[in-house]
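Q: Please look closely at how the parts of this structure are linked to one another. Please also set that part within the whole.

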Amino acid sequence: PVHMQARSQHLELTLAMAMMKVEVMLVAVIMAQFITFADGGPAAYGICQTGCNAVVVACYAAAGFTFGTVTAGAGVPASIVACNAALGICMAGCIAAGFAPTP
């Protein structure tokens with residue numbers, strides 16, 4: 001039980017750090033885009049989604065799973081539910097990247 005709690009805390013910390021990196025990167029990209037005054041588009045949206053997917057793959061790996069192999073159900077570990085929730089938040093944030101000016 002102590003080992004599981006430590007692993008869970010490690011996973012939560014890893015997920016939080018990964019999400020902070022994505023948020024910082026997203027804010028930096030959006031701020032840099034406003035300097036160029038160009039039109040936004042699907043390229044920025046796609047790049048942002050790729051970053052979100054990279055983070056969720058790392059999150060699954062930290063939990064000991066492979067992304068894309070776990071199906072939803074009552075027996076899904078809380079760590080996977082947290083990874084999926086973070087992915088949803090990240091993907092929703094990509095909408096801003098799609099509308100932000102891109103070079």
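A: Among the contacts in the chain (heavy atoms within 4.5 Å) between residues at least 6 apart in sequence, 80% join residues at least 24 apart. The model is predicted, so local features need pLDDT of at least 70 and side-chain atom pairs count only at pLDDT 80 or more, while totals for chains, interfaces and linings use all residues. Residues are numbered from 1 along each chain as its sequence is written, and side-chain values use heavy atoms, with hydrogens and water left out.

The secondary structure comes to 3 helices and 0 strands, in the order α-α-α along the sequence; these are DSSP runs, numbered from the N terminus (helices H or I, at least four residues; strands E, at least two). Of the 103 residues in the chain, 31% are buried, where buried means under 20% relative accessible area, exposed over 50% and partly exposed in between (1.4 Å probe, protein chains only).

The largest nonpolar core has 23 residues, and Met19, Cys48 and Cys52 have the most contacts inside it. Such a core is a set of buried Ala, Val, Leu, Ile, Met, Phe, Trp, Tyr and Cys residues joined through side-chain atoms within 4.5 Å. The elements that give two or more residues to this core are α1 (2-36), α2 (42-63) and α3 (78-99). Leaving aside neighbours within four places in sequence, Met19 is in contact with Val55, Ala86 and Cys90.

The covalent links come next. A search of the whole structure finds 3 disulfides, each a pair of cysteine sulfur atoms within 2.5 Å.

The link of Cys48 and Cys94 is left-handed, with -80° about the S-S bond. Cys48 counts as buried because its relative accessibility is 10%, and Cys94 is buried with a relative accessible area of 0%.

Another disulfide joins Cys52 to Cys90 (S to S 1.9 Å). Because Cys52 lies in helix α2 and Cys90 in helix α3, the pair ties together parts that are 38 residues apart in sequence. The torsion about the S-S bond of Cys52 and Cys90 is about -80°, so this disulfide is left-handed. Cys52 is buried, with a relative accessible area of 1%, and Cys90 counts as buried at 7% relative accessibility.

A further disulfide joins Cys59 to Cys83, at 1.9 Å from S to S. Its partners are 24 residues apart, Cys59 in helix α2 and Cys83 in helix α3, and they link distant parts of the chain. The bond of Cys59 and Cys83 is left-handed, with -80° about S-S, and both cysteines are buried. With the bonded cysteines numbered in sequence order, the pairing is 1-6, 2-5, 3-4.

Helix α3 can now be viewed as a whole. Its buried residues are Ser79, Ile80, Cys83, Ala86, Leu87, Cys90, Met91, Cys94, Ala97 and Gly98. They lie on the same side of α3 because they cover an arc of only 145° around the axis, the arc being that of the directions from the helix axis to the C-beta atoms. An α-helix has 3.6 residues a turn, so residues three or four places apart point the same way. The face of α3 turned away from its buried side carries the exposed residues Ala78, Ile89 and Phe99.
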